[in-house]
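Subject: Structure handover

Hello,

The structure is below, with the sequence. My notes on the ligand site and the salt bridges follow it.

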Amino acid sequence: MAISARGVVTVDLAAVVANWRLLHDRHAPGAVAGVVKADGYGLGAGPVARALYAAGCGHFFVAQLGEGMALRAAIGPGPMIAVLNGFAPGADEDAGLMPVLNTLGDVARHRGRPAILHLDTGMARLGLDAREQARLAEDAELRNSLNLRFVMTHLACADEPAHPLNALQAARFAETAALFPGIPRSLANSSGLFLGQGFASDLARPGCALYGINPQPGGPNPMRPVMRLDVPVLQVREIGTGDTVGYGASWGAPRPSRIATVAAGYADGYLRSLSGRASAAIGDRPVPLVGRVSMDLITLDVTEFPDVVQGTQVTLIGGPGCSPDELAAACGTIGYEILTSLGPRYARAYLPA
Ligand SMILES: *Cc1c(COP(=O)(O)O)cnc(C)c1O
């Protein structure tokens with residue numbers, strides 16, 4: 001049998017569901033949605049959403065209309081699918097998706113049609129700003145013409161519990177949301193679910209925590225790990241003391257060494273800035289990266305691993321010492337970027353829920 005030269009991303013759907021249940025129990029009696037934008041943070045929106053829907057999750061959020069249409073086809077007619085970036089004027093309004101209204105123009109275009117209203121309370125990115133909210137406050141007729149399923153806002157600093165903007169945003173949201181009595185409210189993202197009672201709402205919108213990213217950076221991670229990336233060794237070679245490895249000859253062997261070359265690189269989303277800063281894992285033992293990450297290849301020092309041969313599987317992400325959060329910390333980004341960078345050349349495999 002030919003050795004597959006491709007990496008495989010394995011997604012544990014039971015762990016995704018367990019993470020959703022943990023958040024669901026924390027947030028009760030409020031509901032908990034699944035945010036599956038960017039193809040389920042790189043892990044596959046369709047399989048993730050189908051597993052969550054089967055577990056009782058009835059609301060999903062995507063960023064773009066096209067993502068929403070693909071998800072609707074994957075999951076069927078049951079759950080709400082909301083499009084955070086809204087519908088562009090002239091977009092297909094009948095795709096069975098829920099638009100998020102981000103401007104007064106959106107509001108005017110969607111009178112009478114089911115929608116979610118986004119109030120900007122401190123993010124200055126999407127949603128009605130303070131001036132637009134004041135206009136809405138003055139215009140009862142406009143408000144009454146809306147057919148809202150939720151009013152929502154989005155926290156800017158939920159991963160920093162002590163940040164004063166958190167309470168300020170909650171207060172601003174409560175004030176404007178009061179213009180819509182009886183309309184359910186949606187507030188917390190993953191980290192917001194850990195901010196305490198003042199941040200509970202009718203519908204939380206976690207994304208990263210479902211995928212095992214720590215919603216409380218700096219504290220213990222209450223979430224289960226969800227993904228692993230395994231790639232095969234393509235070649236193993238012996239080098240001598242002082243021999244260098246890879247572009248720029250940036251690493252020289254301090255002793256006679258064995259170097260394993262594996263089939264992934266920055267074109268697959270394994271960030272080049274991890275060069276010289278990260279480890280992978282073979283079984284349960286960390287193995288150091290040496291030399292630069294190149295486009296399609298990564299080199300590892302396997303001197304301590306005499307059993308490594310062509311075809312040995314190396315865990316690049318999701319093993320001991322190389323969780324998405326650990327890799328992110330090593331190269332100055334966040335776990336979200338490690339996941340959403342996972343490239344299309346990897347196969348995707350799913351462990352059932
Ligand atoms: C991405 C996003 C979320 C989910 O955020 P996480 O930090 O991944 O939990 C929730 N709401 C909005 C508006 C978002 O853009």
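How far does a polar side-chain atom of Tyr-336 lie from an oxygen atom of the ligand? The distance is 2.6 Å, a polar contact in the sense of a pair of N or O atoms within 3.5 Å.

This is a predicted model: local features need pLDDT of at least 70, side-chain atom pairs count only at pLDDT 80 or more, and totals for chains, interfaces and linings use all residues. Residues are numbered from 1 along each chain as its sequence is written, and side-chain values use heavy atoms, without hydrogens and water.

Ser-190 places a polar side-chain atom 2.5 Å from a ligand oxygen. For Asn-189, a side-chain N or O atom is 3.3 Å from an oxygen atom of the ligand. Of the 390 Å² of accessible area that the ligand has on its own, the protein covers 93% (Shrake-Rupley method, 1.4 Å probe).

The ligand is surrounded by 14 residues (a heavy atom within 4 Å), and the closest are Lys-37, Tyr-41, Ser-190, Cys-208 and Tyr-336. This shell splits into 7 nonpolar, 4 polar and 3 charged residues; Tyr and Cys count as nonpolar, Lys as charged, and Gly as polar.

Salt bridges

The whole structure has 8 salt bridges (a side-chain nitrogen of Lys or Arg within 4 Å of a carboxyl oxygen of Asp or Glu). One joins the side chains of Asp-12 and Arg-224, at 3.9 Å from N to O. Asp-12 is in strand β1 (residues 8-12) and Arg-224 in the loop between β10 (203-204) and β11 (227-239), so the pair ties together parts 212 residues apart in sequence (strands are DSSP runs of E, at least two residues, numbered from the N terminus).

Regards

Note on methods: A polar contact is a pair of N or O atoms within 3.5 Å; within protein, one must be able to donate a hydrogen and the other to accept it, and residues adjacent in sequence count only if both atoms are side-chain atoms. Helices (H or I, at least four residues) and strands (E, at least two) are DSSP runs, numbered from the N terminus.
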